[in-house]
Amino acid sequence: MATLLRVSRLPSLPLRSQFGVGRLISYSATLPGGRGTGLNLLYPGHIPTSPLQKALLAVGAACMALYDPYRHDMVAVLGETTGHQALKALRDQMRRDPEGVQILQERPRIQLSTLNLNKLRNLPEGSFGWEYAHFLDVNKVSPDTRAPTRFVDDEELAYVIQRYREVHDLLHTLLGMPTNMLGEVVVKWFEAIQTGLPMCVLGAAFGPIRLSAKKLKVLTSELIPWAVQNGQNSRCVLNLYYEQRWEQPLEALREELGISPPPSVWTGRTQSPNR
């Protein structure tokens, strides 16, 4: 019980300190299994952990993520400690796709340092790049808020989950969903079908409990069926080199991927979050 309490108290640290390499290595040493995982550091920031350590971290992260779904740092820990098999399947899908192979080889990143947001803002309205910049501006979010990968014990899989995190806001843009709780739940349903990541399944299953009865009715009758159908029918979203598609019209990109427009009941085109 004491160990689990220490896990659940991890989020009380400031985000930068919480994910500091030295602090987390010291913290992981307090968990059963100690330091002796027998693993080497595979990439910058990697924190090797044993299966038992991952399980305890996953329990703590899951509790905090359910308590506050906007704790993206805890969602990140949960994804890394529970997603090994799903990440392998996603990596294999990318290896079978020419564009996916190119992404794995070149390792592009979606960050402020790699984006020219002013250029995207000046693209024609309705282009994918313009819509993405509009989404960031209206919802007041930044691509730099995604936590770096720490607990994935495979260098290539660590990139796969990092790429998944960094395209999350692009999926909001493709699906036409804002960052309020309803929009996040819809995106999680789509991601759960597309990726099979346990943390996406958890978010899709438990996210709706925070919605009002009116929004829950809209979610279950219209938005979940739409998200599930599109998740099943669309091309793997990790196999798209988004950075090469900024000038493409959003509707043409949706058609290429097999994503249908949001249901007519949804009128919130990338509107400001309303939690």
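**Overall fold and selected local features**

The protein chain has 15 helices and zero strands. The model is a predicted one. The chain counts 275 residues, and 53% of them are buried. Its accessible surface comes to about 12700 Å². Carbon and sulfur atoms hold 55% of that surface. Among contacts with a separation of 6 or more, 71% join residues 24 or more positions apart.

Helix H11 spans residues 168–175 and is mostly covered. Eight of its eight residues are buried. They are His-168, Asp-169, Leu-170, Leu-171, His-172, Thr-173, Leu-174 and Leu-175. Several other helices contribute to the cover. Helix H9 (128–139) and helix H10 (155–166) are among them. So are helix H12 (181–195), H14 and helix H15 (250–257). Just after H11 comes Gly-176, with a positive phi of about 70 degrees.

Helix H4 covers residues 51–67 and includes Gln-53. Gln-53 counts as buried because its relative accessibility is 0%, and the cut-off for buried is under 20%. The side chain of Gln-53 has a polar atom 2.6 Å from the backbone nitrogen of Ser-50. This pair of atoms therefore falls within the 3.5 Å limit used for polar contacts.

Ile-209 presents another setting. This residue sits in the loop between helix H13 (198–206) and helix H14 (213–233). Its relative accessibility is 64%, so Ile-209 counts as exposed, for which the cut-off is over 50%. Ile-209 also belongs to a nonpolar patch on the surface. Leu-66 and Phe-206 are the other members of this patch. Together, the three residues have about 300 Å² of accessible area.

Cysteines were also examined. A disulfide is a covalent bond between the sulfur atoms of two cysteines. The structure holds zero disulfides. Cys-200 has a relative accessible area of 0%, so this residue is buried. Cys-63 has a relative accessibility of 46%. That value lies between the 20% and 50% cut-offs, which means that Cys-63 counts as partly exposed.

How values were computed:
Residues are numbered from 1 along each chain as its sequence is written. This is a predicted model: local features need pLDDT of at least 70, side-chain atom pairs count only at pLDDT 80 or more; totals for chains, interfaces and linings use all residues. Side-chain values use heavy atoms; hydrogens and water are left out. Patches are made of residues with over 30% relative accessible area and no salt bridge: like charges are joined within 9 Å, nonpolar side chains (Val, Leu, Ile, Met, Phe, Trp, Tyr) within 5 Å. Accessible areas come from the Shrake-Rupley method with a 1.4 Å probe; for residues, only the protein chains shown count as cover. A salt bridge is a side-chain nitrogen of Lys or Arg within 4 Å of a carboxyl oxygen of Asp or Glu. Helices (H or I, at least four residues) and strands (E, at least two) are DSSP runs, numbered from the N terminus. Buried means under 20% relative accessible area, exposed over 50%, partly exposed in between (1.4 Å probe, protein chains only). A polar contact is a pair of N or O atoms within 3.5 Å; within protein, one must be able to donate a hydrogen and the other to accept it, and residues adjacent in sequence count only if both atoms are side-chain atoms. A disulfide is a pair of cysteine sulfur atoms within 2.5 Å. Contact means heavy atoms within 4.5 Å.
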